[in-house]
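Hi,

Here is the structure I said I would pass on. Have it open while you read, and my notes on what turned up in it follow below.

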Amino acid sequence: MANSSESRHGMWSSRWLFVLAASGSAVGLGNIWKFPYITGENGGGAFVLIYLACVALVGVPIMIAEVLIGREGRQSPINTMRMLTQQHRRKPAWVLVSWMGVLAGFLILSYYGVIAGWALFYVMRMAEGTFNGASADFASQAFNDFLADPWQMVFWQTLFMALTVYIVGRGVVKGLETAIRWFMPMLFVLLFVLLGYGINSGGFAQGVDFMFSFNWESVTGESFLIAMGQAFFTLSLGMGAIMAYGAYLPSSASITQCVVTIAVLDTVVAIAAGLAIFPIVFANGLEPSQGPGLMFVTVPLAFGQLPFGALFGAIFFVLVSFAAITSAISLTEPALAYLVEEYNAKRSRVAISLGVVCWLLGIGTVLSFNEWSDVFVVGDLTIFAFVDYVSQNIMLPLGGFFIALFAAFALPKAVVVSQLGLKGRVWEVTWKVLGGVVAPLGVLTVFIVTIIGIDTIKDWF
Ligand code: TRP
């Protein structure tokens, strides 16, 4: 089959829509909920720096690779890889990468829907004024009470999944455009309101210090893996989501420019969220390492102290929920596009089936926080922690590793040169070094450091 210039699933109306959509995918719970809490769990400063290095050196080249492959194939990641391997006579085993991506997408969406449900629940709680003038203890207790109630959690998870399925079913372009155009800018504004509160909370200096002071003691071999996993997660890499979106990118757009814009935007949101949340943590004597509940305790606490806090707090969680929806959509896109292509199925039907599967899997996550909180899959990992760990820290980096290698070595040079618009040898070499060496080697190094352990490595010196 010839490589077409359009995708059957529709096209972004401009490169800006691609940037918006990919940023919508990238900016989500990963930035606002996850980044602060895993930074807290991993001791701050050094972790943040490793994470930033991973975004720049590994994330950006791999995102370029994904978009380039996607645009070249113009189909779902599975069929794109299938077509490209056949066309260029490469081993069919490359296609396994996109199958792993589909699986990772299911796993991630299963718990993503649950946490996004928490955000929906907090829209209601904030709007009721529950947290007006509340103390830190009250905010923590309210969260714990919520976690203890699986029915409540399933209810909100179901609501979130239903919304996602509805939007996905309507089609990427139609469903997404409106949501992203309006909600992303609003999210920025409210994040900065929260940041302003953080700056005045009395804990700002301590918050900044926690996030940026380089303290090696807190770094373990695993911190590297978690930082890298987070870089993949927050940029939506390694499972084909960005590849799927790349398939709808007009041929004239510059991939590199788009990718850099997306990565910068995503990083700014994560850092802003951290800078908003940690001052509140320190000003109120909370624990930075308290885990998944961090955002759900600090943010209500802060808005509870502000004038019109109930209103703005509710709006904040509405925006977080929207950021989560625009991300959830991209988690379904690779599997969805594939099923539509293979079975000529209706998008809406496929969307419902995918939604049901992820919803069912998500029940495991719901129960991890209450009934099954002492059921461990391995070590001290609950079902939620296990699914999260394996998908984010292992499957995504592994997927990204092979995607980068495929783009750098399996695709003919002419394809890459024309897709990336590389003018001259210098740029060709730069791409080869970043995509073919730095990014895959970065992933590999992190895997090795994790397996051997940083302490063993330190002992060698
Ligand atoms: N990047 C999103 C976030 O930070 C989550 C996400 C959306 C994702 N699509 C993805 C993560 C694909 C990994 C792969 O919330």
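This is a predicted model: local features need pLDDT of at least 70, side-chain atom pairs count only at pLDDT 80 or more; totals for chains, interfaces and linings use all residues.

Let's begin at valine 67, which sits in helix α3 (residues 45-73); helices here are DSSP runs of H or I of at least four residues, strands are runs of E of at least two, and both are numbered from the N terminus. Residues are numbered from 1 along each chain as its sequence is written, and side-chain values use heavy atoms, with hydrogens and water left out.

Back to valine 67: its relative accessible area is 1%, so it is buried (buried is under 20%, exposed is over 50%, partly exposed is in between, with a 1.4 Å probe and protein chains only). Setting aside neighbours within four places in sequence, valine 67 is in contact with Phe18, Ile242, Gly246, Leu249, Ile255 and Val259, contact being heavy atoms within 4.5 Å. Valine 67 and glycine 133 are 66 residues apart in sequence, and their C-alpha atoms are 47 Å apart in space.

Now the ligand. How many residues surround the ligand? There are 17, and the closest are Ala26, Gly30, Tyr112, Phe233 and Ser330; a residue is near a molecule or strand if one of its heavy atoms lies within 4 Å of it. On the polar side, a ligand nitrogen is 3.1 Å from a polar backbone atom of serine 25. A ligand oxygen is 3.1 Å from a polar backbone atom of leucine 29, and an oxygen of the ligand is also 3.4 Å from an N or O atom in the asparagine 31 side chain. Taken alone the ligand exposes 360 Å², and the protein buries 100% of that (Shrake-Rupley areas, 1.4 Å probe; for residues, only the protein chains shown count as cover). Two or more residues of the shell around the ligand come from each of α1 (15-26), α2 (29-41), α5 (95-127), α10 (221-234) and α14 (309-343).

Threonine 234 is in helix α10 and, at 1% relative accessibility, counts as buried. Its side chain makes a polar contact with the side chain of aspartate 266 at 2.8 Å (a pair of N or O atoms within 3.5 Å; within protein, one must be able to donate a hydrogen and the other to accept it, and residues adjacent in sequence count only if both atoms are side-chain atoms). Beyond four places in sequence, threonine 234 also has Ala26, Asn31 and Tyr51 among its contacts.

Serine 368 belongs to helix α15 (residues 347-368) and is buried, at 6% relative accessibility. Its side chain reaches the backbone oxygen of glycine 364 at 2.7 Å, and a polar atom of that side chain lies 2.9 Å from the backbone nitrogen of phenylalanine 384. Not counting residues up to four places away, serine 368 touches Ser373, Thr382, Ile383 and Phe384.

Most residues other than glycine have a negative phi. Arginine 89, in the loop between α4 (77-87) and α5, has a positive phi of about 55° and is exposed at 73% relative accessibility. Asparagine 344, in the loop between α14 and α15, has a positive phi near 50° and is exposed at 61%.

Cheers
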